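The tour below goes through a set of aromatic rings and the charges placed over them.

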Amino acid sequence: MKKTFVAVLFLSSFGLAACSNDSPTSLHEQLEQQVKGEEKAFTLADQRARKDEISVNTYQAVLDAGAEEIKRSQNEREELEALNDERLALLKQEETLRKETYAELDLEELQDAVNQLDGKAKTEGTALVTIIKERQQTFQTFSKTYRQAMDAEKKVLSRLTKKPDFVKIDESTADLNRLTRKATASLKKWNTLTVQYNQTKTRLYRLLDTSTQ
């Protein structure tokens, strides 16, 4: 089989940082509750990312096999299928946890608390609410594309037979790589937004702490 490569693995996701502060109770409690709610989701995402890495290496080993070796690569294929099941199970758990976390976060109440602030504190609070919404949308995009990439993997595997059609394998692998890059781009955006969230929240807390002194 001619050389075919799989796009780079998905990145690990960044988690939200907890902060202790004397900010207004309703605002502080909601924001820190979200951090707590995402802790388990972050752990699952990290576990999934580790399996992504193993999966990519195993997948490449299968693709690198020659036509005569496809049958001998059955162990790797079975390992890959098991990994895919584990990755999907972790993603489903992560999706459930994040959905519950966002459902518990009352954005209207949070926005009301922000609207009661003044000056720079209100500006930072408004920016924080926007980032929260963008993170939620970005994760949904990532999750959808990640699933599509996994379906594309299955399609490539189904073409690895004793008499493989190299053209179709290359076409399917190109689709897989495109979806992998798209999912990775979504996760990069998620990580960027997470950094922005942590930085914005820290600035907000400092402003609120200063105003109470």
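Select Phe-139, Phe-142, Tyr-146 and Trp-190: in this predicted model, these residues form one aromatic cluster. The structure as a whole holds three aromatic pairs.

Start with Phe-139 and Phe-142. Their rings make a tilted pair, with 6.2 Å centre to centre and 45° between the planes. Colour helix 4, residues 119–158, and both residues will be found in it. Three residues separate Phe-139 from Phe-142, which is about one turn of the helix.

Now show helix 5, residues 166–211, alongside helix 4: Trp-190 lies in helix 5 and Phe-139 in helix 4, so the pair ties together parts that are 51 residues apart in sequence. Trp-190 is buried, as is Phe-139.

Next, look for charged side chains over the rings. Which residue lies over the face of Phe-139? Select Arg-98, which is placed there at 5.0 Å from the ring centre. Then move to Tyr-146, another member of the cluster. Over the face of the Tyr-146 ring lies Arg-48, at 5.0 Å from the ring centre.

Conventions
Residues are numbered from 1 along each chain as its sequence is written. This is a predicted model: local features need pLDDT of at least 70, side-chain atom pairs count only at pLDDT 80 or more; totals for chains, interfaces and linings use all residues. Side-chain values use heavy atoms; hydrogens and water are left out. Rings of Phe, Tyr and Trp (its six-membered ring) pair if their centres lie within 6.5 Å; planes under 30 degrees apart count as stacked, over 60 as edge-to-face and the rest as tilted. Helices (H or I, at least four residues) and strands (E, at least two) are DSSP runs, numbered from the N terminus. Buried means under 20% relative accessible area, exposed over 50%, partly exposed in between (1.4 Å probe, protein chains only). A charge sits over a ring if NZ of Lys or CZ of Arg is within 6 Å of the ring centre and within 35 degrees of the ring normal.
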